[in-house]
Amino acid sequence: MQGNGIKVFLTVAFLILAGYYLYPSVQSFIINKKLNSLEGDALEEYRQKNYAKIQRVNERALKLGLDLQGGMHVTIEVGVDALIRELATDTDQMFDEVLAAARQQATTGDASIIDAFVAEFERRDPNARLSRYFRNDQDNITRRSSNSEIANWLQREADEAVDRAIEIIRQRVDRYGVTEPSIQKQGTRRVVVELPGVDDAERVRRLLRGTARLEFRLMADPDALSASLQQIIQYFEREAADTTAATDDDEAIASADSTAEAEADSSTDVGSILGEDEQTASTNPLLNVMQPVGQGVQFGIVAVQDTARLNDLLADPQVRALLPTGITLMYTSSPIATTEDGRELLALLGVRENVEMTGDVITDSQVDFDEMNRPRVTMTMNAEGARDWARITGANINRPIAIVLDDVVYSYPNVITRIVGGRSEITGLESREEAQDIVTILKSGALPAPVEIVGEQMVGPSLGASSIRDGLNSVLIGLLIVTLFMIFYYRTGGVVADIALMLNIIFIIGILAAFGATLTLPGIAGIVLTIGMAVDANVLIFERIREEQAAGRTLKAAIDAGYSKAFSSIFDANVTTFFVGVILYSFGVGPIQGFAVTLMAGIIASMFSALVITRLIFDYMVGERRMNVQFG
Amino acid sequence: MRIFENANYDFIGARKKAYILSGTLILISLISFVVRGVELGIDFRGGMEFVVEANQELPVAPVRSALSDVLGEEPEVKTFGENALLIRTSDEGEINTVQAQIMETLTAEYPDANPTLQKTDIVGPRFAEDLKRGALYSVLGSLLVIFVYVLIRFEWRFGATAVAALFHDVVVTLGVFSLLQGIMPFSLQIDQTIIAAFLTIVGYSINDTVVVFDRIREYSNLYKTMPFPTMVNKAINSTLSRTIITSATTLFVIVVLFIFGGEVLRGFAFAVGFGIIAGTYSTIFVASPLMLELRQRSAKAAV
C-alpha cells in the first residue's frame with residue numbers, strides 16, 4: 001500500500017465532503033416525512049419549534065427542479081418597442097413601420113431592439129434625424145441631438161425600465177406569498193420568474209402581466225348602442241346570406257338536381273332577415289356566439305369559451321365602423337350568469353374610448369367586504385383626483401361609470417350622488433384572492449412598459465411527485481440490473497466496480513448539492529445514464545487486465561498494466577464527453593442544464609471512482625491480503 | 001463469463017457491405033427527412049401545451065372535436081399516461097383565454113371527470129426561435145469541439161472520421177424519428193430533451209470511437225511492420241468485448257428509463273437507445289474503416 005497514502009486521503013476527504021454536503025438533504029427528507037405525518041395543531045407546533053432548523057436545512061438541501069416539486073417557470077419579455085413608442089413625442093407612419101421592422105429583426109432575446117431601430121432608420125434614410133420624434137425638454141433631447149445620443153438615451157431608458165419591471169414583479173411575487181421565488185434578469189430584456197409550488201397559472205399570469213391600468217370611463221348611450229347592435233346583426237345577416245348564396249351557386253354548378261334545394265335555403269334566409277325567428281341563430285355567425293341584448297349599456301352576452309371567436313368577428317373594420325362614435329366594447333371581469341350546462345357568461349359592454357381619470361391618482365387601496373360579504377377593493381385618491389372625481393360624478397348622476405382595469409370592466413355602478421372626498425371602489429370581484437391581487441398590483445405600481453409572457457412551464461404537484469417516483473424507480477432498477485450484470489460478468493472485479501459505482505452516485509449527488517445545482521427530471525435521467533456509462537472505465541480496465549493475464553502476466557502485474565494502459569483511453573473518452581456536457585450547459589435552458597450538470601458531475605465522479613477507488617481496493621486485496629481476484 | 005475473447009472477425013474486409021448499409025440508411029433517413037420531415041416539438045415551433053388530468057379516461061376524438069369548435073382550429077390531443085390528455089395548440093390567442101376555453105369546455109362536456117390542469121408548456125414564437133438557435137449551436141458546437149480535440153490528441157484523419165461517424169449516428173437517429181413519427185404510441189417530436197439525447201449520443205459515440213482509435217494508436221507504436229488494415233482490424237477486435245459490454249450496460253439503463261421513467265422521458269430514452277446501437281455500429285463499421293480509407297488514399301498520393 002506504499003504510495004497509496006494520497007489516494008486514501010483523497011478518497012476519505014471526498015467521502016467526508018460528500019457526506020457534509022448531503023447531510024442537510026437527508027435531514028430535509030426526514031423532516032418532510034415528519035411534517036407529512038403530522039396534522040393540525042401538532043403540525044403547527046412542530047413547525048414553530050423547529051422553524052430555524054427547517055429553514056436552515058431547506059436552504060442547504062439539494063434543490064429539486066420545478067418539474068419535480070411542482071411550480072411555475074415563467075419567462076417574461078419587457079416590451080421595449082412599446083417603450084420606444086411611449087418615449088416618442090411625435091410619431092408618423094415611417095416611425096411605425098421602422099419600429100415594426102425592428103421588432104421583427106431583433107428576434108432573439110439578446111439582440112437590441114433599439115440598435116435595430118436606429119439601424120433600420122439609417123438604412124431607409126441615411127439623413128434621418130431621430131430627434132424629430134423624441135424631442136423632450138425634460139431629458140434634454142433637442143432638435144440638435146444626434147442619433148447616437150438618442151440611441152444611448154433610449155438604451156438607458158430601456159435598461160431602467162427592465163430593472164424597474166423586475167423590482168415591481170418582485171414586489172408582486174413577494175406579496176403573493178411564494179416560498180423561495182427566484183427572479184432573474186436574462187439577456188437584455190427578459191426576466192425569468194420561478195415560483196415553486198405554485199399551480200394557479202391563470203392567477204400568476206394575471207399578476208405578472210397586470211399593468212394595473214386603472215381607468216374611469218363613461219359609457220355608451222343606450223339608444224345609440226341598441227341601434228348599432230341592430231345594424232351589426234344585419235351586417236352579419238347579409239354576410240351569411242352572401243356566403244350561403246355563393247356556396248349554393250357552386251353546388252348548382254356541380255349538380256343541377258340540388259337547385260331546388262338551394263332555392264329553398266335562400267328563401268329561408270330572406271325570411272329570417274325580415275322576421276326575427278328562431279332560424280336566425282343558426283345562420284348568423286354573430287348570433288351563433290353572442291346573445292344580443294341592446295338594453296342599457298349591455299351590447300350582448302357571450303360564453304367565456306366563445307370570446308375569441310366573437311373578438312374575431314368584431315375585429316372586422318366594417319363592424320367597428322357601425323359602433324357609435326367614440327365607443328368601444330369591453331367584457332365584464334366576472335361572469336354575470338352561468339348556464340344550466342355550466343357555461344359562464346360574460347357581458348359585452350359599450351364603453352367610451354375617452355378616459356375620464358386614471359389610477360395615477362390612487363394613493364392607497366385595500367381589500368374589504370361589502371354588506372353582502374362580497375370582496376371589494378376600496379381606494380383613496382389624492383387631492384387632485386378627489387376634485388376630478390367629484391366633478392365627474394357630479395356631472396353624471398343617474399348614469400353609469402365604468403371602472404376598467406387592464407381593459408376589463410370590473411363594475412359600472414350608476415352614480416347616485418356627487419362623490420366628494422376621493423373614495424372609490426372596485427366591486428364585481430370573484431374572490432378574496434382576486435381583490436388581494438388587484439391591491440398588490442395597484443400598490444406595486446404600474447409597470448414601466450407592457451410585459452409579455454414568452455415562455456411558461458407549469459408542473460402540478462401530483463405530476464411532479466409521480467416524476468420523482470418514476471425517476472427514483474429508474475435509478476434503483478437501473479442500478480440493480482447493472483450491478484448484478486457486473487458481478488455476473490466480472491466476478492470479484494464486478495463487486496469492486498459496483499462499490500465504485502455506489503460511491504460514484506453519492507459523489508454525483510454530493511457535487512450537485514455542493515454547487516447548489518438543481519435536480520431536474522432530465523437530471524435524474526442523466527444519473528440513470530451515468531450508472532450505465534460509468535462502469536465503462538472499469539470495463540476498459542478489466543478487459544485490459546484479462547488481456548494481460550491471457551498474455552501470461554501475474555495478477556499483480558496484470559492489474560498494474562491494465563490500469564496504466566487503459567488510462568489514456570478513459571481520459572480521452574471522458575474529456576470529449578465532458579466537453580459535450582459543457583456545451584449542452586451553455587446553450588440549454590432550465591431542465592436541460594440540469595441534465596448537463598449531472599452528466600458532467602457523473603464524468604468527474606466516475607473517473608475518480610473507477611481509477612482511484614477501485615485501484616485502492618485491488619491493491620488492498622492483492623497486495624495486503626494476497627487474495628486471488630477473479631475477473632470473470 | 002467471457003464473450004468475444006480472442007475475437008478475430010474480419011470487420012475491415014466487410015467494410016464495403018457496411019458502407020452500402022450505412023449509405024442506404026442515411027439515404028432513407030434523408031429521403032424521409034425531405035418527404036415526411038420531422039415533427040418539431042413545442043420548444044422549437046412555439047405554441048401552447050396543456051396536460052389535463054381527470055379521474056376517468058377522457059376520449060381523445062370527441063375532446064378534439066369539441067375543442068376544435070371552441071378554439072377555431074384543430075388542436076393536437078393525445079393520451080398522456082393514465083387518465084390524462086395532452087392538448088397542444090398553435091393558437092396565438094391570449095394564454096388565459098385559451099386555457100379558460102379548454103378547461104371550461106372539458107368541464108362542461110365531462111362534468112363528472114373533474115378535469116384539472118397538471119402541466120402547461122407555453123413557448124412564444126420568438127422564444128422558440130431562441131431555443132432553436134441554441135439547439136443548433138449546441139449540436140454544431142459539440143461536433144466542432146470534438147473534432148478539434150480528436151485533432152489535437154490524434155491526427156486530422158481520426159478527427160474527421162470520428163465526426164463523420166457522429167453525423168452518421170445523428171442522421172440515422174433523426175431518420176428513425178422521421179420514419180416512425182405518428183406510428184409509435186409515444187411522442188417523437190423533436191424538442192429540447194431530444195436535442196439533449198442527440199448530444200448524449202454524440203458523447204457516447206465519440207467515447208466509443210476514441211477507445212478504438214486509442215488502441216490503433218497504441219498498436220501502431222507496437223507493431224510497426226504490421227500492415228495498417230490488419231492492425232486496425234486487430235484493434236477493433238481486441239476492444240470488441242469492451243464495446244459490446246458498455247453498450248449493453250448503457251442499453252440496460254436506457255430500457256429501464258424507457259419503461260419506468262415516465263411519459264416525459266420516453267422519447268429521450270428511445271432516441272438514446274437507438275443512438276447507442278447506431279453509435280456502436282458506427283464505431284466498428286464506419287469510423288475505423290473510413291479512417292483507413294483516408295489513410296490509404298494519402299499513402300497512395302505520397303507514392
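What percentage of the 303 residues in chain B is buried? In this predicted model, buried residues make up 50% of chain B, where a residue counts as buried if 20 or more other C-beta atoms lie within 10 Å of its own.

To picture how chain B is laid out, begin with its division into domain 1, which is formed by residues 15–41 together with 128–302, and domain 2, which covers residues 47–122. The centres of domain 1 and domain 2 of chain B, taken over C-alpha atoms, are separated by 39 Å, while the C-alpha trace of chain B spans about 80 × 45 × 30 Å along its principal axes. Nine helices and four strands make up the secondary structure of chain B, and along the sequence they follow the pattern α-α-β-α-β-β-α-β-α-α-α-α-α.

Turning to chain A, one finds an open sheet of three strands in the order 11-12-15, paired in the antiparallel sense. Strand 11 (362–369) and strand 15 (423–426) of chain A stand at the edges and have a single partner strand each, so one side of each is left without a neighbour in the sheet. On average, and with direction ignored, neighbouring strands of this sheet are turned by 25 degrees against each other.

Strand 11 of chain A pairs with strand 12 (residues 375–381) of chain A over seven bridges, and D364(A) stands opposite T380(A) in strand 12. Helix 18 (residues 432–444) of chain A lies across strand 11, strand 12 and strand 15 of chain A, and runs at about 170 degrees to strand 11.

Technical notes: Residues are numbered from 1 along each chain as its sequence is written. Chains are lettered from A and ligands numbered from 1 in the order in which they are written. This is a predicted model: local features need pLDDT of at least 70, side-chain atom pairs count only at pLDDT 80 or more; totals for chains, interfaces and linings use all residues. Two strands pair if DSSP finds at least two bridges between them. Helices (H or I, at least four residues) and strands (E, at least two) are DSSP runs, numbered from the N terminus. Axes are lines fitted to C-alpha atoms, for helices over the stretch in contact, and angles run from 0 to 180 degrees between N-to-C directions. Two residues are in contact if their C-beta atoms, placed from the backbone, lie within 7 Å. Domain bounds come from an automatic or database domain assignment. A residue is buried if 20 or more other C-beta atoms lie within 10 Å of its own, exposed if 12 or fewer, and partly exposed in between; C-beta atoms are placed from the backbone.
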